[in-house]
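Biologist: Hi, could you walk me through this model? I'd like to know what to look at.

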Amino acid sequence: MQGFAGKVAVVTGAGSGIGRALAVELARSGAQLAISDLDTEGLAETEKRVAALGVPVKADRLNVTEREAFLLYADEVNEHFGKVNQIYNNAGIAFNGDIEVSPFKDIERVMDVDFWGVVNGTKAFLPHLIASGDGHVINISSLFGLLSMPGQGAYNAAKFAVRGFTEALNLEMSMNKHPVKVTTVHPGGIKTAIARNATAVEGMDVEALADFFDRRLASTSAEKAAQVILEGVSKKRDRVLIGNDARALDLLVRILGSKYQRLFALALPRLRPQ
Ligand SMILES: NC(=O)c1ccc[n+]([C@@H]2O[C@H](COP(=O)([O-])OP(=O)(O)OC[C@H]3O[C@@H](n4cnc5c(N)ncnc54)[C@H](O)[C@@H]3O)[C@@H](O)[C@H]2O)c1
């Protein structure tokens with residue numbers, strides 16, 4: 001991929017799935033990397049793959065919900081490489097459960113990782129990205145940040161919030177003439193461990209949900225997702241949709257407007273796993 005050579009890129013949640021694929025694709029494109037994850041084993045494997053490509057890599061355990069640690073980490077990365085050009089706020093978790101029966105703590109946990117993790121990463125790195133003279137914030141929302149799904153209320157809330165936050169940032173960077181591009185990413189179903197790593201309300205069979213996700217919903221590989229994201233970054237796109245599912249459903253919702261909710265309420269009971 002063109003335009004990444006010599007850039008310093010930060011990837012959160014790089015120990016698995018899209019984050020790992022982004023790290024490898026960025027390394028292949030000549031970027032220098034700061035990768036992090038909560039899961040140190042997964043992170044070590046990504047570090048190995050990136051290092052094998054002969055690229056400078058700094059790997060750290062980082063929980064994106066820990067704001068103070070994130071702020072210190074941003075300064076550390078900037079000091080280590082002398083600049084930071086790109087942050088991919090990618091770390092995320094999923095939770096399944098209707099709102100009526102979802103405990104507050106589970107909804108809060110999803111907001112903490114999927115929304116506040118993105119806010120922490122964006123704000124921690126923004127001064128460095130502006131100072132670089134050539135910065136880019138890439139925030140991973142979801143197709144579920146464009147439309148809502150039954151059983152995904154917490155995730156929908158976090159991913160819609162990421163979209164609102166990131167689009168506002170895009171307007172501000174542009175209007176304040178800061179040298180920082182901003183991209184919101186909306187993947188459809190991607191073949192990663194997200195559903196296996198997910199939690200659910202009591203009584204729900206997470207294994208069965210993960211099987212359903214893997215068989216019926218995950219249609220794009222993580223490697224393809226990473227390539228589509230980097231292409232969007234190199235073309236400085238405001239929004240990146242990944243997969244035919246994301247493109248088709250985005251179009252449907254734009255055509256139907258809020259009436260998509262009536263259609264989904266009728267059609268989805270037949271598609272949901274029991
Ligand atoms: N897979 C999909 O179908 C899909 C669709 C739309 C959006 N997304 C989004 O893509 C992003 C990447 O997900 P993925 O599919 O690669 O899932 P994944 O489970 O394979 O990878 C997520 C990574 O984030 C890490 N992580 C979780 N909580 C963390 C925390 N508090 N601090 C630091 N790291 C943490 C995990 O350890 C894991 O390595 C997420 O934001 C997810 O919501 C995924």
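This is a predicted model: local features need pLDDT of at least 70, side-chain atom pairs count only at pLDDT 80 or more; totals for chains, interfaces and linings use all residues.

Biologist: Thanks! Where does K236 lie?

Modeller: K236 is in the loop between helix 7 and strand 11 (239–242). Helices (H or I, at least four residues) and strands (E, at least two) are DSSP runs, numbered from the N terminus.

Biologist: What phi does K236 have?

Modeller: K236 has a positive phi of about 55°, although it is not a glycine. Most residues other than glycine have a negative phi.

Biologist: Which other residue has a positive phi although it is not a glycine?

Modeller: K177, again at about 55°. You'll find K177 in the loop between helix 5 (153–175) and strand 7 (180–187).

Biologist: And is K177 buried or exposed?

Modeller: K177 is exposed, because 6 other C-beta atoms lie within 10 Å.

Biologist: Switching to the inside: how many residues has the largest nonpolar core?

Modeller: It has 74 residues, and those with the most contacts inside it are V10, V11, L22, A23, L33, I35 and I229. A nonpolar core here is a set of buried Ala, Val, Leu, Ile, Met, Phe, Trp, Tyr and Cys residues joined through C-beta atoms within 7 Å.

Biologist: Let's take L22. What does L22 touch?

Modeller: Not counting residues up to four places away in sequence, L22 touches V11, Y88, N90, A226 and I229. Two residues are in contact if their C-beta atoms, placed from the backbone, lie within 7 Å.

Biologist: How do helix 1 and helix 7 pack?

Modeller: Helix 1 (residues 17–28) and helix 7 (residues 222–234) pack at an angle of about 60°, and their axes are 8 Å apart. Axes are lines fitted to C-alpha atoms, for helices over the stretch in contact, and angles run from 0 to 180 degrees between N-to-C directions. Helix 1 and helix 7 are therefore oblique to each other. Angles under 35 degrees count as roughly parallel, over 145 as roughly antiparallel, 65 to 115 as roughly perpendicular and the rest as oblique.

Biologist: Which residues make the contact?

Modeller: From helix 1 there are G17, I18, R20, A21, L22 and E25, and from helix 7 there are A222, E223, A225, A226, Q227, I229 and L230. By class, the contact of helix 1 with helix 7 has eight nonpolar, two polar and three charged residues. Ala, Val, Leu, Ile, Met, Phe, Trp, Tyr, Cys and Pro count as nonpolar, Asp, Glu, Lys and Arg as charged, and the others, Gly among them, as polar.

Biologist: What about helix 4 and helix 5?

Modeller: Their axes come within 8 Å and cross at roughly 20°. Helix 4 and helix 5 are therefore roughly parallel to each other. The residues of helix 4 that meet helix 5 include I107, V110, M111 and F115, and those on the helix 5 side include A154, Y155, V162 and F165. The contact of helix 4 with helix 5 has 14 nonpolar, one polar and three charged residues.

Biologist: And helix 3 with helix 4?

Modeller: Helix 3 (residues 67–81) and helix 4 (residues 104–132) pack at an angle of about 30°, with axes 9 Å apart. Helix 3 and helix 4 are therefore roughly parallel to each other. R67, F70, L71, A74 and N78 of helix 3 make the contact with N120, G121, A124, F125 and H128 of helix 4. Those residues divide into five nonpolar, four polar and one charged.

Biologist: Last one: where is G82 found?

Modeller: G82 is in the loop between helix 3 and strand 4 (86–89). G82 counts as exposed because it has 9 C-beta neighbours inside 10 Å. The C-alpha atoms of G82 and H128 are separated by 9.7 Å, with the two residues 46 apart along the chain.

How values were computed
Residues are numbered from 1 along each chain as its sequence is written. A residue is buried if 20 or more other C-beta atoms lie within 10 Å of its own, exposed if 12 or fewer, and partly exposed in between; C-beta atoms are placed from the backbone.
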